[in-house]
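Thanks, everyone. I have one structure to go through today, and I will keep it short.

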Amino acid sequence: AGTYHEHMDSILEGLPREFDSVIAQIESRIHQITIEEAEGYILAQELRLRKYTRLESSSNSFTPTVNLT
């Protein structure tokens with residue numbers, strides 16, 4: 001089965017660069033957090049990234065128009 005630290009390392013090392021802030025937050029904790037808490041932070045970041053991507057793609061598809069009449 002592996003230790004807590006091995007398990008946490010394998011979770012964090014598998015995350016893409018967009019999760020660096022969450023990784024830093026988890027690694028900087030003085031007290032050890034549970035795997036479930038770490039997963040909660042990761043899921044929250046994923047939701048923020050999806051929201052940001054959705055907002056960014058909708059703003060990129062906006063085409064301003066000018067009425068010249």
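One definition before the pocket: a pocket here is an open set of grid points with protein on both sides within 12 Å along at least five of seven lines, and lining residues have an atom within 4 Å of a point. Please also keep in mind that this is a predicted model.

So, which residues line the largest pocket? They are Tyr4, His5, Met8, Asp9, Leu12, Ile26, Glu27, Arg29, Ile30, His31, Gln32 and Ile33. The space in this pocket comes to about 190 Å³. By residue type, the lining splits into six nonpolar, three polar and three charged. Helices α1 and α2 each supply at least two lining residues. The largest share is that of α1, with five residues.

In general, nonpolar side chains in soluble globular proteins tend to be buried together. In this model the largest nonpolar core has eleven residues: Met8, Ile11, Leu12, Phe19, Val22, Ile23, Ile26, Ile33, Ile35, Ala38 and Ile42. The elements giving two or more residues to this core are α1, residues 4-13, α2, residues 20-27, and α3. Met8, Leu12, Ile26 and Ile33 belong to the core, and these residues are also on the list for the pocket lining. Take Leu12: leaving aside neighbours within four places in sequence, Leu12 is in contact with Ile23, Ile26 and Glu27.

Now to Val22, in helix α2. Is Val22 buried or exposed? Val22 has a relative accessible area of 2%, so it counts as buried. Beyond four places in sequence, the contacts of Val22 are Tyr41, Ile42 and Gln45.

Why does Gln45 count as buried? Because its relative accessibility is 9%, and the cut-off for buried is under 20%. Val22 and Gln45 are 23 residues apart along the chain, and their C-alpha atoms are separated by 7.2 Å. Again setting aside neighbours within four places in sequence, Gln45 is in contact with Glu18, Phe19, Ser21 and Val22. With Glu18 there is a polar contact: the Gln45 side chain reaches the backbone oxygen of Glu18 at 3.1 Å.

To recap, α1 gives five residues to the pocket lining, and α1, α2 and α3 each give two or more to the core. Gln45 is buried, and its side chain reaches the backbone oxygen of Glu18. That is all I have.

How values were computed
Residues are numbered from 1 along each chain as its sequence is written. This is a predicted model: local features need pLDDT of at least 70, side-chain atom pairs count only at pLDDT 80 or more; totals for chains, interfaces and linings use all residues. Side-chain values use heavy atoms; hydrogens and water are left out. Buried means under 20% relative accessible area, exposed over 50%, partly exposed in between (1.4 Å probe, protein chains only). A polar contact is a pair of N or O atoms within 3.5 Å; within protein, one must be able to donate a hydrogen and the other to accept it, and residues adjacent in sequence count only if both atoms are side-chain atoms. Contact means heavy atoms within 4.5 Å. A nonpolar core is a set of buried Ala, Val, Leu, Ile, Met, Phe, Trp, Tyr and Cys residues joined through side-chain atoms within 4.5 Å. Helices (H or I, at least four residues) and strands (E, at least two) are DSSP runs, numbered from the N terminus. On a 1 Å grid over the protein atoms alone, a cavity is a set of points where a 1.4 Å probe fits but cannot get out, and a pocket is an open set with protein on both sides within 12 Å along at least five of seven lines; lining residues have an atom within 4 Å of a point. Grid points are joined across faces, edges and corners, and a volume is the space filled by probe spheres set on the points. Ala, Val, Leu, Ile, Met, Phe, Trp, Tyr, Cys and Pro count as nonpolar, Asp, Glu, Lys and Arg as charged, and the others, Gly among them, as polar.
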